[in-house]
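Open the model in your viewer and keep the selection panel at hand.

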Amino acid sequence: MEIMLYSEINILSVVIMFIIAAESLVIKFDISLKIKLFAASVFLAVAANVLDFLWNISTANYWSIPVPAMWAIDFMYFISFGLSSYFWFLYTETVYRDDYLKKRTYILCAIPLVVLAGLLIVSLLNGCVFYFDENRVYHRGSLFYAQHILSYGYIFVSSVLCLVRAFNKKYFDRKEEFIALASFVIPPVICAVVQAMLQSIPILSVGIMVSYILVFINSLENLISTDTLTEIATRRELLHQLTNGIKSLKADSSLYFLFIDIDNFKHINDTYGHPEGDRALKALAGVLKQVCTETDGFCARYGGDEFAVVIRLEKSRDVSEILKRIYELVEQKGREEGFGFDLSVSIGCSQYESSMVGIQELISRADASMYDRKMHKKNGIKS
């Protein structure tokens, strides 16, 4: 009964991971290096699960396999899992390095994998990792857990690196992406602890499968660049555009970040209903699209009732003209839509300076400016 449950869970994990790997290759017409590495990692995890299935079928005496074949299956299982972890590490590095890796990176990162293969070959002679006694009974050697360290090491190191990058201000626009990659290690670790207590169920396979599913879902979310309600860009796309805008900023231009928030939005939802609140969001999005068309800017829904605009102006132009234009168009749009309330916004503005530490400081200044604007309105102060 236990072996049947073990096999069913193993087969389910194989099927789901195979689908993830296959879908990752067809999700885009242009297959990048990182997609290839991700698919390779998943396919090799599938191979490891298939070998694990064969191993447990044989050890349960459902299928009699000669000892040399059993040794080969276990050897290939460890190598498959090690390769899967190796390709996972390379995948996270290509995400960090924008789909590029040097050849020496592949070679240096493969050293633990080579050590693992050598250790397994030596184990054939002295049983240091695993061996079979004269009765065909499997035993773990004194260095059995070394293969875990060599394989899992890739995953742990990649998680640590991704976590460090997630909290580096330089990569503020990619923080969520790096946190998602760093979290890959969590389900396998939890499931490994559970499997230590329940050896008869392949919980670890489930943990690895869950990790790949979460990464795949996150990659799909990365492809979504348009907010479905307002039909303008998402926050993720905005941060990407902002980063590129700073990199390509010319000496005769200035870059501004505008933070825009609808006044009393909670009151609008509570009093007039969420459909009216959604209409207000769409109306503001329409205004921002119009302004960005006029000024070659970029607008996005930052979250909730918060919006943002990235705009580059010649140094001879005053950004206050843009702010005035937004205020006027919002008021005009409110009248045209016939709302039962006054549609108004508060705008915070900050200018990019080369002394700033990443884009987080630029956004924080605009946010603080917007908050001051709101406080002035509440206190009846004109600004």
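Start with H2 and H3, where the crossing is left-handed. This is a predicted model. Select residues 67-96 for H3 and residues 33-59 for H2. The two helices pack at about 160 degrees, and their axes lie 8 Å apart. That angle is over 145 degrees, so H2 counts as roughly antiparallel to H3. Colour the contact by class: 22 residues are nonpolar, six polar and three charged.

Which residues of H2 meet H9? Show Phe38, Ser41, Val42, Ala45 and Asn49. On the H9 side, show Ser205, Tyr212, Val215 and Phe216. This contact has six nonpolar residues, three polar ones and no charged ones.

Now select H12, residues 274-295. Its 22 residues span 31 Å from first C-alpha to last, close to the expected 32 Å. Display its buried residues, among them Leu281, Leu284, Leu288 and Val291. Glu276 and Cys292 are also buried. What covers the buried residues of H12? The cover includes strands S3 (253-262), S4 (298-303), S5 (306-314) and S6 (345-351). Helices H11 (265-272) and H13 (320-337) also contribute.

Finish at the end of H12. Thr295 is buried. Just after the helix, Asp296 has a positive phi of about 60 degrees.

Key:
Residues numbered from 1 in each chain as written. Predicted model: local features only at pLDDT ≥ 70, side-chain atom pairs only at ≥ 80, totals over all residues. Heavy atoms only, no water. Helix = DSSP H or I, 4+ residues; strand = E, 2+ residues; numbered from the N terminus. Expected span 1.5 Å × (residues − 1). Buried < 20%, exposed > 50% of the residue type's maximum accessible area, 1.4 Å probe, protein only. Contact = heavy atoms within 4.5 Å. Axes fitted to C-alpha atoms, helices over the stretch in contact; angles between N-to-C directions. Nonpolar A, V, L, I, M, F, W, Y, C, P; charged D, E, K, R; others polar. Parallel < 35°, antiparallel > 145°, perpendicular 65-115°, else oblique. Left-handed = near helix turned anticlockwise from the far one by under 90°.
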